[in-house]
Amino acid sequence: MPIEVLLVEDSPGDVRLTREAFKDANKTIHLHVAVDGVEAMAFLRREGAHSHAPRPDLILLDLNLPKMDGREVLTLIKQDDDLKTIPTVILTTSEAEADIVKSYQLQANCYLNKPVQLDAFEALVKSINDFWLTKVKLPQQRQSG
Amino acid sequence: MQAEKQFGYRRDELVGQKIKNIIPEGFAERLTADALRSVEDALSQQIGTGIELRARRKDATEFPIEIMLSPLESAEGMLVTAAIRDISVRKQAEVHLLYKVEELKRSNEELGQFAYIASHDLQEPLRMVASYTQLLSRRYKGKLDADADDFIAYAVDGASRMQRLIQDLLAYSRIGTKGKELQETSSEEVFEQALLNLRGGIQDSGAIITHDPLPAVLADEMQLVQLFQNLVGNAIKYQKTGIPRIHVSAAKNGGNKWLFSVKDNGLGIDSQYFEKIFVMFQRLHKREEFAGTGIGLAICKKIVERHGGNISVSSQPGQGSTFEFSLAGAESNA
């Protein structure tokens, strides 16, 4: 079964960079992209154009997004009985302590900083793959929303 | 004459007037209370030091004055002469100065915030430039032509240098914006931590680092680690071919101040550069000789100044350098 990852990220440069890094890390990953919080929720709830969207095995969430920001998305995911078991990883450039604390309070599964250097970013994506998509045991049952 | 002008009374109106007529309500009571104490008492307290008061003109307008009392021995006993000076101009200058100080403080904070936000936001687009030029270089090196390889290499180098500059700028501005409160800190433990952080460079260079017992000081621990780390790191880095020898010590420097010194046997510095080396992004060497952006000592200076101290260097080219900085001792040490 392919691995489904939802990347919530508004910068096309970052999306492509993440896509390239995942290609190197694991060819079986399907990377889906939502460019803002509203689209992310539509994808997760299979609304509108996303009615056939798969349930992601992992959500990579940026904090600063247009329309609905990452904190709101995280709040909605963790309030939703069906969605809250999907590991949600914050992937952001913000190093602000307030953002880190807030994210964990909202039940983020972990908080990662986007490294400035390309090598470091690729290494981070590899470790996301090795841990969250390889080693971690998740509930077997894939519920339909 | 002067009093006539100051208070708006004619001379004959003024002579014999009670002092409280020319001083506003409230202040007069204070003076009367003073007068009730023994002359010696009042004199010993107030002679030589001016008392600042509000004065009242004939037309009831007020203005600030300073009264100087001086004793005068006379046949009739102790007399006291009072010299009254109009200090309106000085008072205005004081208010103006306070205002300017406040304004300066605010604009300084704004500038610190600005530097932080600007460098943080610049980092984002730069990350794209740097990442994609690196990707270009990795995937297309040798597949275009020699010119393209050159151009890409310059772009990669420029972007990564700019990233280092911005990271250094951020580190520099964090000292002001993200500093912690000063607390009693063992400078010896902090020094050991700095050496631990530098262990790679220490091993590679074979540096011999010695130190005297170091005192407890009032400091932001993280910043003090950085201070030692930068100074010892520089002492290792700016070396001839020999083995770096570095000695760190601290001596009482009057009151509760400590003067730390970091002495090395490195290249040394010409005296004309003693000030310049502490300025941000100032470097004395070509990049090919010694890497770096020139932020290290600027960070040291900012850290020491944030702690209320000073940093300076004494050196002779070829004879090594000694960096000295002052820090306040911890209260329990006073």
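1. Among contacts in chain B between residues at least 6 apart in sequence, 64% join residues at least 24 apart; two residues are in contact if their C-beta atoms, placed from the backbone, lie within 7 Å. The model is predicted: local features need pLDDT of at least 70, side-chain atom pairs count only at pLDDT 80 or more, and totals for chains, interfaces and linings use all residues. Residues are numbered from 1 along each chain as its sequence is written, and chains are lettered from A in the order in which they are written.

2. Chain B comprises 10 helices and 10 strands, taken as DSSP runs (helices H or I, at least four residues; strands E, at least two) numbered from the N terminus. Of its 334 residues, 23% are buried, that is, have 20 or more other C-beta atoms within 10 Å of their own, with C-beta atoms placed from the backbone.

3. Helix α5 of chain B (residues 88-140) has 53 residues and spans 76 Å from first C-alpha to last, close to the expected 78 Å; the expected span is 1.5 Å times one less than the number of residues. A bend of about 30 degrees occurs in α5(B) at B:Pro125, given as the angle between axes fitted to the seven residues ending there and the seven starting there. Just after α5(B), B:Gly142 adopts a positive phi of about 80 degrees.

4. Buried positions in α5(B) are B:Ser119, B:Arg127, B:Ala130, B:Ser131, B:Thr133 and B:Gln134. Their cover includes α1 (12-25) and α5 (118-135) of chain A, together with α6 (146-177) of chain B.

5. Between the chains, nine residues of chain B are in contact with seven residues of chain A. On the chain B side, α5(B) gives the most, with eight residues.

6. The largest nonpolar core has 40 residues, and B:Phe228, B:Leu231, B:Val232, B:Val262 and B:Cys300 have the most contacts inside it. Such a core is a set of buried Ala, Val, Leu, Ile, Met, Phe, Trp, Tyr and Cys residues joined through C-beta atoms within 7 Å. Helix α9 of chain B (residues 221-237) supplies the largest share of this core, seven residues.

7. In chain B, four bridges join the parallel strands β5 (residues 208-211) and β7 (residues 245-252), with B:Thr210 opposite B:His247 in β7(B). Strands pair if DSSP finds at least two bridges between them. Seven bridges join β7(B) to the antiparallel strand β8 (residues 257-264), and B:Lys252 stands opposite B:Trp258 in β8(B).

Conventions: Buried ≥ 20, exposed ≤ 12 C-beta atoms within 10 Å, placed from the backbone.
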